[in-house]
Amino acid sequence: MDYSVFQCPKKIIYGKDTVNFIGSEAAVFGNKAMIVTGKHSSKKTGALDKVYYSLKDQGIDPVIFNKVESDPSVITVREGVKAGKKEKVDFIVALGGGSAMDAAKAISMAIGNGGDILDYEKVQPKTYGIPIIAVPTTAGTGSEVSKFSIITDTERKIKMLISSNFIIPEVAILDPLLTMMMPPQVTAATGMDAFTHAIEAYISKAAQPMSDTFAIKAIKIISSNISRSVLKGDIEAREKMLLGQMYAGLAFSNASTALVHSMSRPLGAYYKVPHGMANAILLTEVMKFNRASCAERFKVIAEAMGENVEGKSVREASLIAVDTIKSIFLETGLPVSLKEVGVDKDNFRKMAEDAMESKTTALNPRKPTVEQLVEIYEKIY
Ligand SMILES: [Fe+2]
């Protein structure tokens, strides 16, 4: 039987100042909340206060768990689970970038299903965790609408990918004003992460009609706004990027990402290269590797990026797509090589082997070998 399934939050709210709706949205979930957030930035930008007092105004008692680091670890998740259980929280508010969201999802899952977070590396949770309301303050991961959580096991130097429809947030609130404080490099890296989500969702073996619709729309929006959002930091471009990255999140949550994400996770686990930056450095070279295996799809990507491919062969149009992806990346001003971000060659084979094991490699349109992955790492070194 050939069929598609599309899953997403029950409610997505998008618009300026919508963060103030959080109290009224949360009231249905109970009266004890845990706000899961990073150590400093949401406090500094005022986002934490907005969320805290909106909850308070509705008679909800919020406790704050502000220990989430960049690339949240198993240890942090365990601490969050302990705090949530001790406080008997009814639901979680995830506030921040991808790290806060990912930690919140893992905490919710372990509270709802019991056991330790490591139990879920290979085994799917059986039921929903406690409800999550996700409020992103960066525009890139799409984690507020996705079924994925990446948790780092620092002992084994592995980024675990947890994938379950039971961790999709119930409500996502996307307030563009919360993303205005993002520094240019974070805007560039998270924007390139979203661009990668959209492209990989579109060429993934699990792509389907509903995810395609969101992927193409995301490619259109992101390709025409990313450089403006970084270089000028203007409100309009950032508003559009928040919408574009959410569409990309809906696409890849239902169609998966592919080889770029498989290869970027080891860069984060071994060298702490920020996720979006690692994807950005890999994107062009991996797309060169993939292009011929789904050239028709690359032609559509070229059109979505505004390229005129009329009269061009599929091959020519697909080559234009790869060139345009590269030029968009170069405009962001992000580092272009692994050397620049402190990676050395010693672990290329080990990283390639890790990438081969990743679930997202199985959904890449072209099946790679370990040697080919080592070659890609070498090309971008
Ligand atoms: Fe990503």
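**Interface between domains 1 and 2**

In the contact between the two domains, 24 residues of domain 1 meet 24 residues of domain 2. The model is a predicted one. Domain 1 spans residues 11-179, and domain 2 covers residues 184-379. A distance of 26 Å separates the C-alpha centres of domain 1 and domain 2. Together the two domains bury about 2,300 Å² at their interface, and carbon and sulfur atoms account for 64% of this area.

Polar interactions across the interface were examined next. Nine residue pairs are in polar contact between domain 1 and domain 2, with both residues of each pair at pLDDT 80 or more. One salt bridge is found across the interface of domain 1 and domain 2. A salt bridge joins the side chains of lysine 16 and glutamate 239, with an N to O distance of 3.5 Å. On the side of domain 1 that touches domain 2, at least two residues come from each of the strands β1 (11-14), β6 (148-153) and β7 (158-163). Strand β7 makes the greatest contribution to this side of domain 1, supplying three residues. Sorted by class, the side of domain 1 that touches domain 2 comprises eleven nonpolar, seven charged and six polar residues.

Two individual positions were also examined, one of them being serine 73. Serine 73 is located in the loop that runs between β3 (61-68) and α4 (74-86). The relative accessibility of serine 73 is 6%, and this residue is therefore classed as buried, the cut-off for that class being under 20% relative accessible area. Through its side chain, serine 73 forms a polar contact of 3.1 Å with the side chain of threonine 76. When residues up to four places away in sequence are left aside, serine 73 touches Ile151, Thr152 and Thr154.

The other position is lysine 288. Lysine 288 belongs to helix α10, which is formed by residues 275-291. With a relative accessible area of 44%, lysine 288 is assigned to the partly exposed class, because this value falls between the limits of 20% for buried and 50% for exposed residues. In sequence, 88 residues separate lysine 288 from isoleucine 376, whereas in space the C-alpha atoms of lysine 288 and isoleucine 376 are 9.9 Å apart.

How values were computed:
Residues are numbered from 1 along each chain as its sequence is written. This is a predicted model: local features need pLDDT of at least 70, side-chain atom pairs count only at pLDDT 80 or more; totals for chains, interfaces and linings use all residues. Side-chain values use heavy atoms; hydrogens and water are left out. Domain bounds come from an automatic or database domain assignment. Contact means heavy atoms within 4.5 Å. Buried area is the accessible area (1.4 Å probe) that two parts lose on being put together, summed over both. A salt bridge is a side-chain nitrogen of Lys or Arg within 4 Å of a carboxyl oxygen of Asp or Glu. A polar contact is a pair of N or O atoms within 3.5 Å; within protein, one must be able to donate a hydrogen and the other to accept it, and residues adjacent in sequence count only if both atoms are side-chain atoms. Helices (H or I, at least four residues) and strands (E, at least two) are DSSP runs, numbered from the N terminus. Ala, Val, Leu, Ile, Met, Phe, Trp, Tyr, Cys and Pro count as nonpolar, Asp, Glu, Lys and Arg as charged, and the others, Gly among them, as polar. Buried means under 20% relative accessible area, exposed over 50%, partly exposed in between (1.4 Å probe, protein chains only).
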